Amino acid sequence: MLRRILKPKSLPLNEQLQRMQRDWDQRARENARHFVDTSRTDWTDQDFFASGEQAIAEQILTDQENICQDLDPAQMRVLEIGCGAGRLTRALSKVFGEVHAVDVSGEMVARARAALHDRPNVMLYQNNGCDLAVVPPLVFDFAYSSHVFQHIPSREIIELYVRDVHRLLRPGALFKFQVQGTPIEDSSPDDTWHGVCFNQEQVTAMAQRCGFEHRHSSGQGRVYFWQ
Ligand SMILES: C[S@@+](CC[C@H](N)C(=O)[O-])C[C@H]1O[C@@H](n2cnc3c(N)ncnc32)[C@H](O)[C@@H]1O
């Protein structure tokens, strides 16, 4: 007789945070740029940052009217969650006046810091993996996160982030982010690669609980479920 192994239903928050930091530090040491974008194993500087430029062109520049409202982007202060090796951060810093970016992995932040030493308008922080307490109490005009929440195995942690972004954004400002929209059968609370899946109702309810109005989403049911 076989018994299918029971998956742990939950892990204490601090254990999940430690695992995320440990696993992402390990991935950064192994091949940071590959784990940031797995489409290549041997990214050149040029191609890696060009992929960031392209993503920001598609995700931000095409939506600039909504994101910037009446503000000049060069005067805007922006927050990024999960900067990795600085791929998107570099592109964001060319559009916006000031970029503050956090990542749970000190190894990733070290790589981003080295790659972005020529961008004086970028501020990088290693954070605790669940909130923005490490960021100075400034007012932000826009917040962004891509390819990050899709790896977080806990709705509770993602909601802590959404709540803390609400604390830092000026009234009326937008938070654009992507979550995992495809159910992953084998994901578990200790899996720091396959994040929890959201459907439309779950994201809308989370947004409302955190004080946001849910304005737009696309890609429901897909890995790149954008809000
Ligand atoms: C796939 S990489 C994407 C990096 C960057 N957003 C990009 O697209 O170039 C995911 C990043 O999210 C970070 N990350 C994972 N879980 C996190 C968490 N709970 N809080 C902050 N960063 C996290 C990882 O350390 C890693 O740098």
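## Helix 6 and its packing

Contact here means that heavy atoms lie within 4.5 Å of each other. In this predicted model, the buried residues of helix 6 pack against helix 1, strand 1, strand 4 (140–145), strand 5 (169–179) and helix 7 (200–209). Those buried residues are I157, I158, E159, Y161, V162, D164, V165 and L168, where buried stands for under 20% relative accessible area.

Helix 6 itself runs over residues 155–168, a stretch of 14 residues, and its span from first C-alpha to last reaches 20 Å, which is close to the 20 Å expected at 1.5 Å a residue. At the start of helix 6, the backbone nitrogen of E156 has a side-chain oxygen of S154 within 3.2 Å.

## The cavity and its lining

One cavity of 30 Å³ or more is present in the structure, and the space in the largest cavity comes to about 350 Å³. Its lining is made up of 24 residues, and those that lie nearest the centre of the largest cavity are W24, G82, D103, H147 and V148. The elements that each give two or more residues to this lining are helix 1 (13–36), strand 1 (77–81), helix 4 (87–95) and strand 2 (98–103).

Among these elements, helix 1 gives the most to the lining of the largest cavity, with four residues. By residue class, the lining of the largest cavity divides into 13 nonpolar, eight polar and three charged residues.

Technical notes
Residues numbered from 1 in each chain as written. Predicted model: local features only at pLDDT ≥ 70, side-chain atom pairs only at ≥ 80, totals over all residues. Heavy atoms only, no water. 1 Å grid on protein atoms, 1.4 Å probe; cavity = no way out; pocket = protein on both sides within 12 Å on 5 of 7 lines; lining within 4 Å. Points joined across faces, edges and corners; volume = space filled by probe spheres on them. Nonpolar A, V, L, I, M, F, W, Y, C, P; charged D, E, K, R; others polar. Expected span 1.5 Å × (residues − 1). Buried < 20%, exposed > 50% of the residue type's maximum accessible area, 1.4 Å probe, protein only. Polar contact = N/O pair within 3.5 Å; in protein donor to acceptor, adjacent residues only side chain to side chain.
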